[in-house]
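Student: Could you walk me through this structure slowly? I would like to ask about things as they come up.

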Amino acid sequence: CIKIIDRFLMFYIATAEPLQRTARWIEKLEGGLAYLRSVVVDDKLGISSDLEAMMEESLGNYECEWKRVVENPELWSDFQQYANGKDPDDVELEHQWVDMRGQIIPAPWLGKTGNFMPSVGKNADGVNTKDFRWVDCGRAAEFPKNGGAAVKYGESQLAVFCFADRKGKGQDEWFACQNMCPHKRAF
């Protein structure tokens, strides 16, 4: 049974158009399911051993990318939650959970939002920005070029973005905003 599944998968991969769904492929296959059965089960074209060899080669080349990351600490930084947090204790579950049929699931969002009226010169809490100060949130190398990363400062989260030399002046541009869902008004 497994060999038939292997043959089916390899025949599909070899004959389907790129990104073509299996159902659309079978619909367009001349002869339909009867032809597919004759090729995969009855070996009408005499290619069963080739299809099985293709599967063996595919399995021989398989590598679990997640296992590779778990086993290589140098790759861990690509999957940390905050650019300025190295300790696993820095990561916390920020979702509320509910029980559904004996399993926990993220709590549904009720869709209610609070009042949020930003004003120039003041933050969302009405604090005057002249009282703001610079805070070290990590080394520049910890942020991807032409991308962003979240940083945690106290109970707040910021999204920090670095755009590499967009204006052709040899300087990176840095931007930051609150790392907040605009709909839920939550981190």
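**Starting from D50**

Tutor: D50 is partly exposed, because its relative accessible area is 45%, where buried means under 20% relative accessible area, exposed over 50% and partly exposed in between, worked out with a 1.4 Å probe and protein chains only. Please keep in mind that this is a predicted model, in which local features need pLDDT of at least 70 and side-chain atom pairs count only at pLDDT 80 or more, while totals for chains, interfaces and linings use all residues. Residues are numbered from 1 along each chain as its sequence is written, and side-chain values use heavy atoms, with hydrogens and water left out.

Student: OK, and which helix does D50 lie in?

Tutor: D50 belongs to helix α4, which covers residues 48-60. Helices here are DSSP runs of H or I with at least four residues, strands are runs of E with at least two, and both are numbered from the N terminus.

Student: How far apart are D50 and F11 in space?

Tutor: From C-alpha to C-alpha they are 9.7 Å apart, although 39 residues separate D50 and F11 in the sequence.

Student: Stepping back, how many helices and strands are in the chain?

Tutor: The chain has five helices and five strands, and reading along the sequence gives the pattern α-α-α-α-α-β-β-β-β-β. Of its 187 residues, 18% count as buried.

Student: Which residues of α3 are buried?

Tutor: In α3 the buried residues are G32, L36, S38, V39 and V40, and their cover includes α1, α2 and α4.

Student: Why does S38 count as buried?

Tutor: S38, in helix α3 (residues 32-40), counts as buried because its relative accessibility is 14%. Leaving aside residues up to four places away in sequence, S38 touches D43 and K44, where a contact means heavy atoms within 4.5 Å.

Student: New topic: how many salt bridges does the structure hold?

Tutor: The structure holds six salt bridges, a salt bridge being a side-chain nitrogen of Lys or Arg within 4 Å of a carboxyl oxygen of Asp or Glu. One of them joins the side chains of E27 and R24, at 2.8 Å from N to O. Both of these residues lie in helix α2, three residues apart, or about one turn of the helix.

Student: What about the strands, which way do β1 and β2 run?

Tutor: Strand β1 (residues 97-100) and strand β2 (residues 103-106) run antiparallel and are joined by four bridges, and two strands pair if DSSP finds at least two bridges between them. They form a hairpin with two residues between the strands, and R101 in the turn has a positive phi of about 50 degrees. Within the pair, D99 stands opposite I104 in β2.

Student: Last one: how many disulfides does the count come to?

Tutor: The count comes to zero disulfides, a disulfide being a pair of cysteine sulfur atoms within 2.5 Å. C1 is exposed because its relative accessible area is 76%, and C177 is partly exposed because its relative accessible area is 40%.
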